[in-house]
Amino acid sequence: MTQNILDIAINHGNKNNASRILQLNIVIGQLSSFIDDSIQFYWDLISKDTIAEGAILSIKRIPAKFSCLDCNNKYNLSPDGFECPECGSSHVEILTGKEFYLNSIDIE
Amino acid sequence: MTKRVVPIVQKIMSANDQIAAEIHKQLNKYRVFSMNFMASPGAGKTSLIELTVKELTDNLKLSVIDGDIATSIDADRAAAAGAHAIQVNTGGECHLDAVMLRSALEQIDLGATDLLIVENVGNLICPASFQLGTHINVLISSTPEGDDKPYKYPQMYQNIDALVINKIDLLPHVDFDLDYFLKGVEILNPGLTNFQLSCRTKEGVESWIQWVIGSLTSFTGEI
């Protein structure tokens, strides 16, 4: 996973003549199963001796948002479960929370 | 030097997904119907593969690719049941990815295979993110694992095409609220096909077998 992030970043860094990648701006949804600390740990190991060495991993977490298809209520994921807190329906749609992409990199 | 921001907006799994798409094309080219079995360790992936192979081996040519960190225990079981089985030892990786599968497929005669079953490494997290290019992703849940799994591992439950709930013979002995479990599944994956069975007592297995046959028949009809 972390290797994939590094490869994409270096690819775009090279295409844009970067001498260094300063920061990676990653977007991860709440329903995506990734642990920020694990990515950081592996990142420090594998980015050594590349143009991405020392780059900051800036991870933006997108909350899981649902839309109730019965009462139209929009709500965030709660520890109580997925059902609509307004009417209790399970007939709901996931609006956000599945994201997992590299949005941009800051280079010099 | 001035700082510049380079927009990328690229999915992190895009490299793996691209190889998975190539695998998918290759399987279609050879008319091989394929399934990726995922589950926690011990849920019953291998047992279900054994049963499926035994039922179908008289009429179909089955290949099984088994992913594990160590041993060939599972591939040996699939071979004993009648499949051409090969083991992939993942070198410590906790999941199969498209690169590993592409390599493993070199050991399979796709021209002589009707159904390919890939048994993934026992894990509810990482396999959900690594598409393999198979036609169907199947999750095998089991009643002793507990009914909160959809809530704790949402990505897995979203990314599957069929769900098998195994060990229903143990329901009287474990705390498993089937309604609560299925409600979570329905929200994450509305209308998901599910099978409730026991590999041990064989209850419910026939429906699963019929579905596999039906899916394969539809596939060869469309391709």
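These legends walk through several views of a predicted two-chain model, from whole chains to single residues.

Residues are numbered from 1 along each chain as its sequence is written, while chains are lettered from A and ligands numbered from 1 in the order in which they are written. Because the model is predicted, local features need pLDDT of at least 70 and side-chain atom pairs count only at pLDDT 80 or more, whereas totals for chains, interfaces and linings use all residues.

Figure 1. Let us start with chain B, which holds eight helices and eight strands. Helices (H or I, at least four residues) and strands (E, at least two) are DSSP runs, numbered from the N terminus. The C-alpha trace spans about 70 × 45 × 35 Å along its principal axes. For 223 residues a compact globule would have a radius of gyration near 17 Å, and the 18 Å of chain B agrees with that. This radius is taken over C-alpha atoms, and the globule rule is 2.2 Å times the number of residues to the power 0.38. Of the 223 residues, 47% count as buried. A residue is buried if 20 or more other C-beta atoms lie within 10 Å of its own, exposed if 12 or fewer, and partly exposed in between, with C-beta atoms placed from the backbone. The average pLDDT of chain B is 94, and 99% of its residues score at least 70; pLDDT is the predictor's confidence in each residue, from 0 to 100. The model as a whole scores ipTM 0.77 and pTM 0.87.

**Figure 2. Strand β5 inside chain B.** β5(B) pairs in the parallel sense with β2(B), residues 33-39, over five bridges. It also pairs in the parallel sense with β3(B), residues 62-68, over five bridges. Two strands pair if DSSP finds at least two bridges between them. Look for Glu119(B): Phe37(B) stands opposite it, and it is the bridge partner of Asp66(B).

**Figure 3. Chain A, the whole chain.** Chain A has two helices and six strands, which follow the pattern α-β-α-β-β-β-β-β along the sequence. Its radius of gyration is 18 Å, well over the 13 Å that the globule rule gives for 108 residues, so chain A is more spread out than a compact globule. The C-alpha trace spans about 55 × 25 × 15 Å along its principal axes. Buried residues make up 27% of the 108 residues. Among contacts in chain A with a separation of 6 or more, residues 24 or more positions apart account for 71%. Two residues are in contact if their C-beta atoms, placed from the backbone, lie within 7 Å.

Figure 4. Gly13(A) sits in helix α1(A), residues 2-15. It counts as buried because 23 other C-beta atoms lie within 10 Å. Leaving aside neighbours within four places in sequence, Gly13(A) is in contact with Ala18(A), Ile21(A), Ile51(A), Ala52(A), Ile105(A) and Ile107(A). Thr2(A) is 11 residues from Gly13(A) in sequence and 16 Å away in space, C-alpha to C-alpha.

**Figure 5. A three-stranded sheet in chain A.** This open, antiparallel sheet has the order β4-β3-β5 in chain A. β4(A), residues 74-76, and β5(A), residues 92-96, stand at the edges with a single partner strand each, so one side of each is left without a neighbour in the sheet. β3(A), residues 65-68, and β5(A) pair in the antiparallel sense over four bridges. One place to look is Cys68(A), whose bridge partner in β5(A) is Val92(A).

**Figure 6. Where the chains touch.** Chain B and chain A each bring 25 residues to the contact. On the side of chain B, the elements giving two or more residues are β1 (4-11), α1 (14-29), α6 (154-158) and α7 (178-188). β1(B) gives the most, with eight residues. Finally, β6(A), residues 100-107, pairs with β1(B) in the antiparallel sense over six bridges, and the bridge partner of Ser104(A) in β1(B) is Pro7(B).
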